[in-house]
Amino acid sequence: MNDLQVTDPTVQTRALKISARQVDVFYGDTHAIRKVDVDIADKTVTAFIGPSGCGKSTFLRCLNRMNDTIDTARVAGKIRLDGEDIYDPRVDPVQLRARVGIVFQKPNPFPKSIYDNVAYGPRIHGLARDKAALGGIVEKSLRRAALWDEVKDRLGAPGTSLSGGQQQRLCIARAVATSPEVLLMDEPCSALDPIATAQVEELIDELRRRYSVVIVTHSMQQAARVSQNTAVFHLGELVEFGETGQIFTNPNDPRTENYITGRIG
Amino acid sequence: MANQEHIVASFDRDLEGIQATIMKMGGLVEHSIAQAARALEARDTDLAAAVRAGDRAIDALQEQANEQAVRILALRQPTATDLRTILSVFRVSANLERIGDYAKNIAKRSSVISQARPISGTASGLKRMGRAVELMLKDALDAYIQRDAALAADVRERDQEVDQMYSTLFREYLTFMMEDPRTITTCMHLHFMAKNVERMGDHVTSICEQVIYLVTGELPDEDRPKQDRTPYEQGGG
């Protein structure tokens with residue numbers, strides 16, 4: 001079944017980036033995630049799919065401790081990034097989020113210039129020695145987000161003046177500006193038109209040369225198009241995890257089958 | 001195996017429609033085999049002509065099934081079982097179309113043979129073989145519509161019997177031809193007809209393999225034992 005992958009296999013590595021074991025998430029009394037085990041490979045796009053409320057976004061947010069900001073949320077189990085427990089009390093969540101960036105569903109540029117949107121992260125993390133270095137990071141990030149050519153002449157313009165698709169790519173540029181190792185994307189295309197979606201999908205394929213990308217999407221076709229591995233969630237459980245081609249041609253679990261073929265899951 | 005209904009009910013109707021086309025095609029092909037065998041036995045050239053004319057309807061249904069399948073691929077992007085269902089439509093309809101062609105060829109040759117002097121005892125073996133393949137096809141189509149991989153595997157095994165019958169007929173015709181060279185023309189036609197029936201069995205086997213793929217997601221991998229020894233026959237004897 002490995003031959004099903006038609007995208008360039010040379011950039012795929014089998015190296016493990018994130019390993020989650022027996023992860024439970026509770027929101028107060030609600031048991032949102034039940035005993036999830038997942039291995040996220042480096043330089044690979046991993047898609048999380050499943051019906052609404054299945055816990056895929058909740059689980060994604062565990063991977064950079066975004067759930068810390070919710071008072072009632074409690075995470076149990078082990079999540080390791082390069083073998084290091086990210087819930088260890090010695091780990092600074094702000095530092096962690098520089099390594100594990102996130103892009104949200106709706107583009108949310110800061111009410112600042114395009115330049116400052118991208119420069120914000122490198123500034124607060126002290127990644128640039130001087131103004132020239134910072135400018136270099138901004139340009140490199142905008143190029144990686146495939147936005148540079150469209151905005152290079154108006155870096156001082158407000159980020160909010162861009163189109164929706166451009167704003168989303170700006171958010172991706174902002175996320176990659178801190179040189180993360182993992183990029184989390186929570187339905188990054190759901191607010192975009194088909195052309196902007198295709199541009200972001202092309203970008204995701206580019207990004208996986210450097211980063212490990214984890215994407216939550218409601219569009220199963222998008223998961224099929226952009227990912228190499230797919231995890232299927234249902235009612236807070238991980239139902240199936242496997243190579244994307246296998247999941248979409250011959251899934252093992254009937255719940256996966258029912259979900260991806262558009263039957264009631 | 002998903003046997004639940006789709007949330008979008010029209011998808012289910014599309015899939016049912018395309019299956020119905022395949023079953024209709026299968027019914028016509030079964031009928032063709034039976035009629036071709038009868039035309040041979042009864043030396044009925046009108047019936048043989050009807051079989052030849054009937055092949056056009058089978059070809060038209062294949063085209064229809066393929067168009068429906070392409071449409072579903074483009075409009076619904078099927079996955080998993082749905083995807084395998086659509087793929088099976090292309091394969092199974094092609095198999096059925098080929099079987100229909102062989103029946104047509106048998107009918108054509110039976111018209112020629114009907115003009116020649118009958119050779120006693122030659123028709124029954126061929127008729128039996130045709131009947132065996134017809135039953136195999138019926139069961140294969142049942143297995144297809146009921147998604148019954150076990151039945152499909154069983155039918156697939158039965159092709160060995162057809163291969164054996166073919167080997168027997170091959171030797172029988174050889175004997176006739178050696179004993180009386182005036183039977184050569186007829187026996188050559190009969191031999192081609194037997195070969196046609198044997199090839200029909202192979203296409204039925206291929207349909208069974210599609211059923212197994214459709215149900216399990218994997219093609220059966222072990223090689224089927226071959227009972228047709230004629231490629232190694234020396235003749236003479």
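This is a predicted model: local features need pLDDT of at least 70, side-chain atom pairs count only at pLDDT 80 or more; totals for chains, interfaces and linings use all residues.
The largest nonpolar core holds 72 residues. Among these, the residues that touch the most other members are Phe48(A), Ala173(A), Leu183(A), Leu184(A), Val213(A), Val214(A) and Ile215(A). The element of chain A that gives the most to this core is helix H6 (residues 164-176), with six residues. The surroundings of Val214(A) were examined without counting residues up to four places away in sequence. On that basis, Val214(A) touches Ile40(A), Thr46(A), Phe48(A), Leu60(A), Leu63(A), Val182(A), Leu184(A) and Met185(A). Another core, of 55 residues, lies apart from the largest one and includes Leu96(B), Ile99(B), Tyr166(B) and Met193(B). In soluble globular proteins, nonpolar side chains tend to be buried together.

In chain A, helix H3 (residues 114-124) has as its buried residues Ile114(A), Asn117(A), Val118(A), Ala119(A), Gly121(A) and Pro122(A). Gly126(A), which follows H3(A), has a positive phi, near 60°.

Strands S9 (residues 229-234) and S10 (residues 237-243) of chain A pair in the antiparallel sense, over six bridges. Within this pairing, Asn229(A) stands opposite Glu243(A) of S10(A). Two residues lie between the strands of the S9(A) and S10(A) hairpin, where Leu235(A) takes a positive phi near 50°.

In chain B, helix H5 (residues 149-179) and helix H6 (residues 184-216) have axes that come within 9 Å and cross at roughly 170°. Angles over 145 degrees count as roughly antiparallel, and H5(B) and H6(B) are therefore roughly antiparallel to each other. The contact of H5(B) with H6(B) is made up of 20 nonpolar, four polar and six charged residues.

The contact between the two chains takes 13 residues from chain A and 14 residues from chain B. On the side of chain B that touches chain A, helix H3 (residues 80-115) of chain B gives the most, with four residues. By class, this side of chain B has six nonpolar residues, six polar residues and two charged residues.

Conventions
Residues are numbered from 1 along each chain as its sequence is written. Chains are lettered from A and ligands numbered from 1 in the order in which they are written. Two residues are in contact if their C-beta atoms, placed from the backbone, lie within 7 Å. Ala, Val, Leu, Ile, Met, Phe, Trp, Tyr, Cys and Pro count as nonpolar, Asp, Glu, Lys and Arg as charged, and the others, Gly among them, as polar. Axes are lines fitted to C-alpha atoms, for helices over the stretch in contact, and angles run from 0 to 180 degrees between N-to-C directions. Angles under 35 degrees count as roughly parallel, over 145 as roughly antiparallel, 65 to 115 as roughly perpendicular and the rest as oblique. A nonpolar core is a set of buried Ala, Val, Leu, Ile, Met, Phe, Trp, Tyr and Cys residues joined through C-beta atoms within 7 Å. A residue is buried if 20 or more other C-beta atoms lie within 10 Å of its own, exposed if 12 or fewer, and partly exposed in between; C-beta atoms are placed from the backbone. Two strands pair if DSSP finds at least two bridges between them.
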